Every structure is written in C-alpha cells, then in structure tokens.
Amino acid sequence: MENSHFFAMLSRMKYISRWGLMHNVREENIAEHSHEVALLAHALVTISNERFGTDLSADRAAVMGIFHDAGEIITGDLPTPIKYYNDEIRESYKQIEKVSERRLLNMLPEDLRECYSPLVESEKSDTELVPFVKAADKLSAYIKCISEISMGNKEFLKAQRTIKEAIDSMELPALAVFMEEFMPSYELTLDEIS
C-alpha cells in the first residue's frame with residue numbers, strides 16, 4: 001500500500017498566514033482560522049435549528065468549517081484586494097482553487113476520496129450548509145478585526161467596516177442573532193467576560 005500525504009499536508013495549515021498585506025499585532029494562520037470557523041458554523045446552525053426550526057447538521061457544518069480553506073495549503077492565502085480585484089482575476093483564482101483542492105484530494109487513497117470530496121472540494125459542499133460556513137468565515141474575519149483594533153491596530157478599521165457590511169447583507173437569521181447576542185462579548189476584556 002502506498003503512503004498517503006493528505007493528513008501530513010493538512011497539518012501544514014498552521015504555516016499559512018492570513019492577512020498577508022496588513023500589519024498584524026498578532027499573526028493568524030489558516031489552522032486557527034479554520035478552527036474558529038468550525039466553532040462559529042456549528043453555532044450558527046445550532047441557532048438556526050433551535051430558534052428558526054431548521055433541521056440541519058451542526059456537526060457537518062463544523063467539519064466543513066475545518067476544511068473550508070484546505071486548498072490554501074497549496075495556494076497560500078491570497079489577499080482579498082487581489083483575489084477580488086476584477087472578474088477576470090476572481091474567475092482565474094476560482095480555477096486555481098479547484099486545481100489545488102483536487103490536488104489535495106488526490107493525496108488520499110482512492111477509496112477515501114469520495115468521503116472527503118464534499119469537504120475539500122468547495123463546489124461539492126453540502127449546499128444547504130454553505131451559507132452558514134460562509135457566514136462563519138465572515139464572522140471570524142470580523143472578530144479578527146475587533147481583536148486587532150482593540151490592540152491599537154488601526155489598519156483593520158476599513159476591513160472591519162467592509163466585513164460588517166458584508167455580514168449585514170447576508171440573509172441568514174441565525175447570523176443576525178449571533179451578531180446581537182454574542183458579538184458584543186468579543187469587545188470585552190477577559191476580566192469583563194469572567
């Protein structure tokens with residue numbers, strides 16, 4: 001049996017830094033980010049199920065959150081201003097993401113690929129959970145902005161406004177609940193939340 005490099009490659013998520021064009025008081029990598037997205041996606045689906053009567057898998061959303069940026073192990077984290085500069089670059093980057101996701105998936109033994117395909121290949125994700133993972137991704141970025149600004153880093157002020165606008169435009173009731181009930185705590189100190 002041939003060795004598989006899939007999980008060893010995933011373990012390298014901790015070496016891929018986020019927010020590459022911006023000064024960071026505290027560096028963040030995609031492993032940390034993915035962990036936070038998993039927690040937040042689980043929370044959003046749980047809120048949706050309990051408060052809005054949906055019947056979705058919070059556990060599955062969490063796992064999707066863990067894997068949502070896995071392709072960046074190969075591509076790195078392309079800064080948002082570059083990734084979304086124009087339609088041509090955006091479409092080209094989507095193709096690069098597909099290639100990197102497929103390359104990563106091909107590191108698995110063939111009998112396991114089908115199980116991991118909906119987690120690694122973004123276009124094959126569970127469609128009903130994708131909005132929750134996308135919202136969790138935005139929440140994680142917003143939380144990063146709050147953290148950096150609270151440490152005196154004004155570089156994140158514009159990013160915070162832009163991300164907040166994106167969050168406000170998402171039509172996801174559970175996200176509105178999270179923003180109202182849980183987000184204010186992120187602006188408090190440890191003593192204040194204890």
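At what angle do helix 2 and helix 10 pack, and how far apart are their axes? The angle is about 110 degrees, and the axes are 8 Å apart. This is a predicted model: local features need pLDDT of at least 70, side-chain atom pairs count only at pLDDT 80 or more, and totals for chains, interfaces and linings use all residues. Residues are numbered from 1 along each chain as its sequence is written, and side-chain values use heavy atoms, with hydrogens and water left out.

**Helix pairs**

Helices (H or I, at least four residues) are DSSP runs, numbered from the N terminus. Axes are lines fitted to C-alpha atoms, for helices over the stretch in contact, and angles run from 0 to 180 degrees between N-to-C directions. Angles under 35 degrees count as roughly parallel, over 145 as roughly antiparallel, 65 to 115 as roughly perpendicular and the rest as oblique. Helix 2 and helix 10 are therefore roughly perpendicular.

Contact means heavy atoms within 4.5 Å. On the helix 2 side, the contact uses Leu 40, Ala 43, Leu 44, Ile 47, Ser 48, Arg 51 and Phe 52. Helix 10 answers with Pro 173, Ala 174, Leu 175, Val 177, Phe 178 and Glu 181. These residues divide into 10 nonpolar, 1 polar and 2 charged.

Helix 3 and helix 7 form another pair. Their axes come within 8 Å and cross at roughly 80 degrees. Helix 3 and helix 7 are therefore roughly perpendicular to each other. Arg 60, Val 63, Met 64 and Phe 67 in helix 3 meet Tyr 116, Pro 118, Leu 119 and Val 120 in helix 7. The contact holds 7 nonpolar residues, no polar ones and 1 charged.

Buried means under 20% relative accessible area, exposed over 50%, and partly exposed in between (1.4 Å probe, protein chains only). The buried residues of helix 3 are Ala 58, Ala 61, Ala 62, Met 64, Gly 65 and Phe 67. They pack against helix 1, helix 2, helix 7 and helix 8.

**The nonpolar core**

A nonpolar core is a set of buried Ala, Val, Leu, Ile, Met, Phe, Trp, Tyr and Cys residues joined through side-chain atoms within 4.5 Å. The largest one has 47 residues, and Leu 44 and Leu 139 touch the most other members. Two or more residues each come from helix 1 (6–10), helix 2 (30–52), helix 3 (58–67), helix 6 (87–105), helix 7, helix 8 (130–150), helix 9 (157–169) and helix 10 (173–181). Helix 8 gives the most, with 10 residues. Leaving aside neighbours within four places in sequence, Leu 139 is in contact with Leu 40, Leu 44, Ile 167, Leu 175, Phe 178, Met 179 and Met 183.

**Loop residues**

Arg 18 lies in the loop between helix 1 and helix 2. Beyond residues up to four places away in sequence, Arg 18 touches Asn 24, Glu 28, Asn 29, Ile 30, His 33, Asp 69, Asp 77 and Ala 141. Trp 19 is placed in the loop between helix 1 and helix 2. Trp 19 has a positive phi of about 60 degrees although it is not a glycine.

Asp 69 is found in the loop between helix 3 and helix 4 (72–75). Neighbours within four places aside, Asp 69 is in contact with Arg 18, Ile 30, His 33 and Ser 34.

**Ser 117 and the cysteines**

Ser 117 sits in helix 7 (residues 110–120). Not counting residues up to four places away in sequence, Ser 117 touches Leu 105 and Lys 124.

How many disulfides does the whole structure have? The search finds 0, a disulfide being a pair of cysteine sulfur atoms within 2.5 Å. Cys 115 is exposed, with a relative accessible area of 52%. Cys 145 is buried at 0%.

**C-alpha separations**

| Pair | Apart in sequence | C-alpha to C-alpha |
|---|---|---|
| Arg 18 and Asn 29 | 11 residues | 5.4 Å |
| Asp 69 and Asp 137 | 68 residues | 9.7 Å |
| Ser 117 and Ala 136 | 19 residues | 21 Å |

Notes
Ala, Val, Leu, Ile, Met, Phe, Trp, Tyr, Cys and Pro count as nonpolar, Asp, Glu, Lys and Arg as charged, and the others, Gly among them, as polar.
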